[in-house]
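Please look through the sequence and the structure before reading the points. Keep the view open while you go, and find each residue as it is named.

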Amino acid sequence: MKYWLQYHHPLGSVVRIFQASHSRVSLFNMSFQDIIEPEKVEEVLLSHLKENKILLKGPKPWTIRSSLLGGRGVFATRDIKQNELIFIDSPLLVGPKYTGKYFEMCVSCYKNECALFPCDRGCGLPVCSTQCENSPKHVNYECEYLKSLVPTCGTDWSPNLLLAVILIRALFLTEQQRKCLATLQSDKNLTCYPEIEQLKKNVINSPSEEDMELMEHVCRILNTNSFETIMVHDKEHSVSLRGLYSIASFQNHCCVPNTRHHFDGEFRMYVSAALPIATGEEITSTYTSLFWDTTLRRKFLSITKHFSCTCKRCSDPTEFKSRLGALLCASDKCSGELLPLDPLNMTTPWICDKCAITLNHRQICSIRSGIAGIIKEVLCKTPREIYKFLQKELSLLTPWSNYCIVDMKFRIVSYYGRSDGAKWEDLSDTELNLKAKFCNDLLSVLDDLNCGDCRKRGLILYELYCTNLEKIKRFKQQPNIEEVDENQRILKKAITILQNDIISTVTFEYDKNYFKQPIAV
Ligand SMILES: C[S@@+](CC[C@H](N)C(=O)[O-])C[C@H]1O[C@@H](n2cnc3c(N)ncnc32)[C@H](O)[C@@H]1O
């Protein structure tokens, strides 16, 4: 697993979906009637959990209610302890993700590191083995459907058809799953459907009007609710996918969310409390990165989810003293930093906290886009080159607290010890110390933001633990008992956060062999 820290949200099981479905239900029987009322929604969600046998024992700690944030939300019905499991969710849909460029993977098992060949039945999709080619979940659904449309790629396969697979799978959802779909909010602003356009261009018979209507509706639902998911094949190979989860879709966004989530090897989503949650409090998640600054988060939410976040973090110019958005003062002679006067106003002027010089919105945009342009070029470089850039150039362009620097630190923490040419044994002692320092810096940012036991904390703590192990291995013939104990405490905390997480489990196994240490606590 090269850069395991950078992965976001793993996936859901198509096996489950297709096992439950026997034949395609005609769209004439299909109800598009939205289910809006929180009580009705909760009923549907509970049936989904029972059907998938993932309803947790005991009184459930959540309910669906109207939210002041927007629409419906998930709320705590009792006090929930930090790290307590709140619910397990199972996916309605999973499939290849539209990334705007061509990509390759087996349509059945999602492997992409092996040779792929076109399915012999002529559906125009790639498979990696005869087992995948003959798998009922492929044969009886997207394969059969695409064959009926007659793909134009003949005996070859087409990445354009792969993009539409998740939408074709939606045509085969069971009645219960369609009810879940009917509860979900959809993106009314979406007018362009590239996956459907590509499907139409690559088949002779166009899908029926009814099928088109459903696929467009699913595109709108996916736009509002889908998760980035991942399928892990082994420590070197994983693939990013798109998954639709029903209960998790009702979690509204907060820039300091009170939950985290991970996925197991069966593709189920586990949502746990990152912070203690009081009775009646809304149970939130984040749709952005915790390390992004307010301008970037709000812009992203506005463009992709069409709302303006007004949470406490967004309202505070310093973002709880983390100063993730701070820029260097425009005056050469001043050592102060620029911060937004009114962070909830996207066109606010920024003011220096020392000399009170102000810059208007356009000037700030120009500084930010200049920095972003420089960084974009650096990101494709090696970890060591990234560090050189961070140390020599980026720190001259922005304050050390700025999110661009924090992001680079996170990348360096992810790469050092893990990427080719910078494995544990390749790192110099200085690089090892630097990795430990950056881990501690990042943990301090999470402390400032009051993010609790978020997944990023688990990932960084685990990297810190491994870095300390390597240091002990190199420098200490007789390791100091207190240091060893402290490192065990770090591991214990990391495992509390990351347990059952499929990608972490694979990494733990790899590290257990390298460090010759039992990782599970
Ligand atoms: C995944 S859905 C969350 C559930 C949704 N509220 C519902 O009723 O189905 C995402 C949508 O909820 C709304 N939303 C989520 N978080 C929000 C927030 N912090 N402020 C305003 N609207 C929010 C936005 O309309 C967003 O596109």
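1. The structure is a predicted model. Please keep that in mind when reading any distance or angle in this note.

2. The sheet. Three strands make up an open sheet, and their order is β4-β8-β7. The strands pair in the antiparallel sense. On the edges are β4 (91–96) and β7 (227–234), each of which pairs on one side only. From one strand to the next, the twist averages 40°.

3. How many bridges join β7 and β8? There are seven bridges between β7 and strand β8 (residues 237–245), and the pairing is antiparallel. To find your place in β8, look for His-237, which has Asp-234 opposite.

4. Salt bridges overall. Side chains of opposite charge can pair when their charged atoms come close. Over the whole structure, a search finds 30 salt bridges. The next points take a few of them.

5. A pair between two helices. Lys-435 and Glu-463 form a salt bridge through their side chains, at 2.4 Å from N to O. Lys-435 belongs to helix α15 (residues 429–449) and Glu-463 to helix α16 (residues 455–475), so this pair ties together parts that are 28 residues apart in sequence. Are the two residues buried or exposed? Both Lys-435 and Glu-463 are buried.

6. Lys-473 is partly exposed because its relative accessible area is 46%, a value between the limits of 20% and 50%. Glu-470 has 3% relative accessibility, so Glu-470 counts as buried.

7. Glu-470 and Arg-474 are four residues apart in helix α16, so about one helical turn separates them. Arg-474 counts as partly exposed because its relative accessibility is 27%.

8. Lys-435 and Glu-463 are the pair with the 2.4 Å salt bridge.

Key
Residues are numbered from 1 along each chain as its sequence is written. This is a predicted model: local features need pLDDT of at least 70, side-chain atom pairs count only at pLDDT 80 or more; totals for chains, interfaces and linings use all residues. Side-chain values use heavy atoms; hydrogens and water are left out. Two strands pair if DSSP finds at least two bridges between them. Axes are lines fitted to C-alpha atoms, for helices over the stretch in contact, and angles run from 0 to 180 degrees between N-to-C directions. A salt bridge is a side-chain nitrogen of Lys or Arg within 4 Å of a carboxyl oxygen of Asp or Glu. Buried means under 20% relative accessible area, exposed over 50%, partly exposed in between (1.4 Å probe, protein chains only).
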